[in-house]
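Visitor: Hi! I'm new to this one. Could you walk me through it?
Guide: Happy to. Let's bring it up and start with how the chains meet.

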Protein chains: 2
Amino acid sequence: MPAPATVLVFLDPAFEGGRVADASKPQLMATDLGATRGDGVFESLLAVGGRPRKIQAHLTRLAGSARLLELDIPAEDAWRRAVETAIGEYRRQDPAVTAAGGTDDDEVVVKLLVTRGPEGAAAPTCWVQASAPGAAGRRQRETGIDVILLDRGYDSEVGERAPWLLLGAKTLSYAVNMAALRYAHEHGADDVIFTSADGRVLEGPTSTVLLAHLETTDDGAGGVRTIRRLITPQLDSGILPGTSQGALFTAAKAAGWELGYGPLEPKDLLDADAVWLISSIRLLAPVNHIDGQEIGTPELRRQLTAELNALFATIE
Amino acid sequence: MPAPATVLVFLDPAFEGGRVADASKPQLMATDLGATRGDGVFESLLAVGGRPRKIQAHLTRLAGSARLLELDIPAEDAWRRAVETAIGEYRRQDPAVTAAGGTDDDEVVVKLLVTRGPEGAAAPTCWVQASAPGAAGRRQRETGIDVILLDRGYDSEVGERAPWLLLGAKTLSYAVNMAALRYAHEHGADDVIFTSADGRVLEGPTSTVLLAHLETTDDGAGGVRTIRRLITPQLDSGILPGTSQGALFTAAKAAGWELGYGPLEPKDLLDADAVWLISSIRLLAPVNHIDGQEIGTPELRRQLTAELNALFATIE
């Protein structure tokens, strides 16, 4: 059967669980500042088997983004109820899934959106959207991706000194991120890793950068042991804190990985044993090539990706 | 009587003059990429006495922005007809204005908007909006404004080397521009002039920077003559080409002004005889103070503003 239709649930004080709206009909005012100014914030997360993953991390980041844009958004409880309503409505359209109680394939993309509302509005416009995951993202988890490095234009310290640039907020103003992805596709790549004007590795347009280094050392008893190190760019370089990276780091640490935080340079990516772009919907996408250069080996990428996927699957 | 209600006219091949839609009802899909990604472009212009000003310059810039975002937009004729419909509908609500054939107060703000449409859409969503000008902008033409300088984060050469940053496009992703204005208001200022990471003067969040220098020289016949020079930052520094600045420069040249193009540094602003932020809706807003320092003198600002306003009034 076809994928269920997109579900919209608006946060509305008059509806405890949110107000379900028909996604096939216009629901936004044309004067909404989200549409006319990209003035708002959002989160994207994955629900698996009906359960939204890392919901608290997403709600915390949404609140942080809203604070940076001075948007007064509803309390977490209202968002949780609307998310539940949206997932429930979405899955109700697909009896096979709910009868089976959820399968591996039972993934729903859930977006939380906030706009400043029409000019002069007393409160922001807030809604939750549930929709089908794209085929490309799921395929890329398996096949991996080719990436190009693109200059983000900012130096890695500007976020600290210029809060009006909103570098720590996940805003609706994503035109540059979308343009960078189009540029990559036109140049034979699948995705992008942004670098700063001062040559640091930042993030993907819709993902966090992660790399692994394996190091073999003497185990002190005549044998060898392998140190496994997972590294991500440092947060104060003006990038978005990755909810998936954060959760994976916690799980990896418990499994004996060492953790590291940048500064990273492109050379560090090229020298890594594996590189991933990690995000909430596509999850771990292993990077096969960066600017045409292979990262690690196919076997190493496969093995490390499988290991991290297993860790990631344990995350609530 | 109250200001007429906002008018919406969607560009629609089935309606020659555009499809008039009720602005008091939702007209946009919640999945439109304009609302969810700030993925689109726009123009704002002023209609005076029923005539849209500098319409060709705005249509040209809209087409340029759309090209940078790879948006395939309708031909200029369709936009012109929709603009005409929107202005006509708007003015029809106010019989006093149309009976008088238009007065000085007969200003209508006209916006041209393009979004990429809902994900997977075959064509962008395009509409024209006609609405009442805000009181603040009209007041600021008279009273002038206080401005602060804020770092835009980019160096002045990034636009040339990184087209994916869309620096020459007027996109819907204006969250940073809006945040910069909020920052200014919270710090007692009315507006912002962005500077580049390498210390150049760029532009306002919604305006072009203009400055005047007067210089007295020997006229070669025993007397003195005053050279009047109008200067704006050079275009290749990653700023938007100002339609009002462009038109005013043409008129000023014909009136004997010398014209200059940056690079400009903050010092040049502080040393100027007058500074303005110029834009299509607010027109010329004289800058009284920059970071607390007075620019020129009240008399000089008044006199030069009156002179440029008179020139600007001649523009079609």
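**Where the chains meet**

Guide: In this predicted model, 53 residues of chain B are in contact with 53 residues of chain A.

Visitor: What area is buried between chain B and chain A?
Guide: About 4300 Å², and carbon and sulfur atoms give 59% of that. The size of an interface is often given this way, as the accessible area lost when the parts come together.

Visitor: How do you get chain B onto chain A?
Guide: With a rotation of 180 degrees and 0.0 Å of shift along its axis, chain B superposes on chain A at an RMSD of 0.0 Å. The two copies are therefore related as by a two-fold rotation axis. Both copies also use the same surface, since 100% of the contact residues of chain B recur in chain A.

Visitor: How many salt bridges are there between chain B and chain A?
Guide: Two salt bridges are counted between chain B and chain A. One of them pairs Arg161(A) with Asp151(B), and their closest N and O atoms are 3.0 Å apart.

Visitor: Which elements of chain B give two or more residues to the side that touches chain A?
Guide: On the helix side, they are H1 (33-37), H6 (158-161) and H7 (175-186) of chain B. The strands are S5 (107-115), S6 (125-131) and S7 (145-151) of chain B. H7(B) gives the most, with eight residues.

Visitor: Changing topic: how many helices and strands are in chain A?
Guide: Chain A has 10 helices and 14 strands. Its radius of gyration is 20 Å, close to the 20 Å that the globule rule gives for 316 residues, so chain A is as compact as a globular protein of that length.

Visitor: What box do its C-alpha atoms fill?
Guide: Taken along the principal axes, the C-alpha atoms of chain A fill a box of roughly 70 × 50 × 40 Å.

Visitor: Where does Pro263(A) lie?
Guide: Pro263(A) is in the loop between strand S11 (258-261) and helix H9 (266-270) of chain A. In chain B, the peptide bond from Gly262(B) to Pro263(B) is cis, with omega near 10 degrees.

Visitor: And which phi does Glu70(A) have, positive or negative?
Guide: Positive, about 55 degrees, although Glu70(A) is not a glycine. You'll find Glu70(A) in the loop between helix H2 (55-68) and helix H3 (76-92) of chain A.

Terms used. Residues are numbered from 1 along each chain as its sequence is written. Chains are lettered from A and ligands numbered from 1 in the order in which they are written. This is a predicted model: local features need pLDDT of at least 70, side-chain atom pairs count only at pLDDT 80 or more; totals for chains, interfaces and linings use all residues. Side-chain values use heavy atoms; hydrogens and water are left out. Copies are superposed by least squares on the C-alpha atoms of residues with pLDDT of at least 70 in both. Contact means heavy atoms within 4.5 Å. Buried area is the accessible area (1.4 Å probe) that two parts lose on being put together, summed over both. A salt bridge is a side-chain nitrogen of Lys or Arg within 4 Å of a carboxyl oxygen of Asp or Glu. Helices (H or I, at least four residues) and strands (E, at least two) are DSSP runs, numbered from the N terminus. The radius of gyration is taken over C-alpha atoms; the globule rule is 2.2 Å times the number of residues to the power 0.38.
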